[in-house]
Amino acid sequence: MENYFASQKDTIFRNVEVLIYVFDVESRELEKDLHYYQSCLEAILQNSAGAKIFCLIHKMDLVPEEERDRIFQLRQEDLSRLSKPLECICFRTSIWDETLYKAWSSIVYTLIPNVRQLEANLQQFTDIIDANEVLLFERATFLIISHCQRQEHHDAHRFEKVSNIIKQFKLSCSKLAAQFHSMQVRNGRFAAFIDLFTPNTYIMVVMADPSMPSAATPACHRQLP
């Protein structure tokens with residue numbers, strides 16, 4: 001791997017926007033892991049000094065629950081120190097809970113141009129149609145890009161749950177040689193609409209009025225600036 005870095009690093013690390021480095025929290029070769037990480041940082045400094053740096057402290061589910069905060073804090077402090085003069089953002093992750101989804105969504109969020117304007121427009125749109133909540137998802141991965149809510153929600157993991165439901169439904173569609181385009185869900189308490197918004201995003205609108213006609217919501221969301 002060191003030879004690979006030495007011979008190809010100028011090509012690999014040129015014009016990099018984001019470096020995402022995954023550390024196995026149970027690795028028995030932490031010193032080697034940190035050495036490779038610092039080699040990446042040196043190449044980033046030489047070729048893409050403006051890149052954003054993210055570190056995933058992965059497999060945290062294997063750490064005893066009472067030790068997780070302490071272990072993560074120690075790793076985060078070490079990586080922050082080793083990353084200087086660059087700044088790294090650390091996430092604790094596991095495939096068994098929502099942490100990996102939240103980490104990837106946070107990383108995608110940092111890459112969106114004019115994200116503040118997008119959030120302001122989403123807030124305005126939510127107010128205009130009197131929605132409980134509006135969510136914007138990346139089309140391919142269904143990672144959450146932005147959202148606006150007007151009421152507190154008790155389920156902090158709902159974004160991941162919605163994403164998994166849609167991805168499983170899309171998979172079922174593909175097995176039938178069909179393409180997923182939109183979905184609506186209704187019960188006695190709300191109506192939810194998911195529809196293609198732009199070539200790269202889907203929008204989800206949650207209305208408190210379950211009788212809201214589905215035709216009204218797509219017509220509204222296409223007016224979003």
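Mentor: Let us start with charge: Lys and Arg count as positive and Asp and Glu as negative, while His and the chain ends are not counted, and the place of a charge is taken as NZ of Lys, CZ of Arg, CG of Asp or CD of Glu. By that rule the protein has 24 positive and 29 negative side chains, and the centres of the two sets lie 4 Å apart. This is a predicted model, in which local features need pLDDT of at least 70 and side-chain atom pairs count only at pLDDT 80 or more, whereas totals for chains, interfaces and linings use all residues. Residues are numbered from 1 along each chain as its sequence is written, and side-chain values use heavy atoms, leaving out hydrogens and water.

Trainee: Why is arginine 186 called partly exposed?

Mentor: Buried means under 20% relative accessible area and exposed over 50%, with partly exposed in between (1.4 Å probe, protein chains only). Arginine 186 has a relative accessible area of 35%, so it is called partly exposed.

Trainee: Where is arginine 186 placed?

Mentor: Arginine 186 belongs to strand β6, residues 182-186, where strands (E, at least two residues) are DSSP runs numbered from the N terminus.

Trainee: What makes the pair of arginine 186 and glutamine 184 a polar contact?

Mentor: A polar contact is a pair of N or O atoms within 3.5 Å; within protein, one must be able to donate a hydrogen and the other to accept it, and residues adjacent in sequence count only if both atoms are side-chain atoms. The side chains of arginine 186 and glutamine 184 are joined at 3.1 Å. A polar side-chain atom of arginine 186 also lies 2.5 Å from the backbone oxygen of proline 210.

Conventions:
Helices (H or I, at least four residues) and strands (E, at least two) are DSSP runs, numbered from the N terminus.
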